[in-house]
Amino acid sequence: MGALALGGALGTVAVLVKHELLLLLIGGLFVIETLSVIVQVVSFKLTGRRVFRMAPLHHHFEEQGWEEPKVIVRFWIIAIILALLSLSTLKLR
């Protein structure tokens, strides 16, 4: 099963249950990664300077000297926290 199919399924389910904004929280890490690329490109085109050493954000941390497994585990933790946070908001409605 591919990432595109899984993302499409998540998006469809979010629209069907009318929780589109919650999808931003569930996929918060992917949103942050995408925004880091957008910020990097816009900043470089407008000012000629880079905000991050390398985009997307996980490469920036690797360029700072973090080992790849360390970055991966920390991003997993962030993704799990965001998923739990989003699941907890479903009970509030």
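Visitor: In which helix is the place of His60?
Guide: This is a predicted model, where local features need pLDDT of at least 70, side-chain atom pairs count only at pLDDT 80 or more, and totals for chains, interfaces and linings use all residues. Residues are numbered from 1 along each chain as its sequence is written, and side-chain values use heavy atoms, with hydrogens and water left out. Helices are DSSP runs of H or I with at least four residues, numbered from the N terminus. The run of residues 57–63 holds His60, and this run is helix H4.

Visitor: Is His60 buried or exposed?
Guide: Buried means under 20% relative accessible area and exposed means over 50%, with partly exposed in between (1.4 Å probe, protein chains only). His60 has a relative accessible area of 11%, so His60 is buried.

Visitor: Which residues is His60 in contact with, leaving aside its neighbours within four places in sequence?
Guide: Contact means heavy atoms within 4.5 Å. With those neighbours left aside, the contacts of His60 are Phe52, Arg53 and Met54.

Visitor: What is the peptide bond from Ala55 to Pro56, cis or trans?
Guide: Pro56 lies in the loop between helix H3 (28–47) and H4. Omega from Ala55 to Pro56 is near 0°, and the bond is cis.

Visitor: What is phi of Lys18 near?
Guide: Lys18 sits in the loop between helix H1 (3–16) and helix H2 (20–26). Most residues other than glycine have a negative phi. Lys18, a residue other than glycine, has a positive phi, near 60°.

Visitor: Which element has the lowest mean pLDDT?
Guide: pLDDT is the predictor's confidence in each residue, from 0 to 100. H3 has the highest mean, 93, and the lowest, 85, belongs to H2.

Key:
Helices (H or I, at least four residues) and strands (E, at least two) are DSSP runs, numbered from the N terminus.
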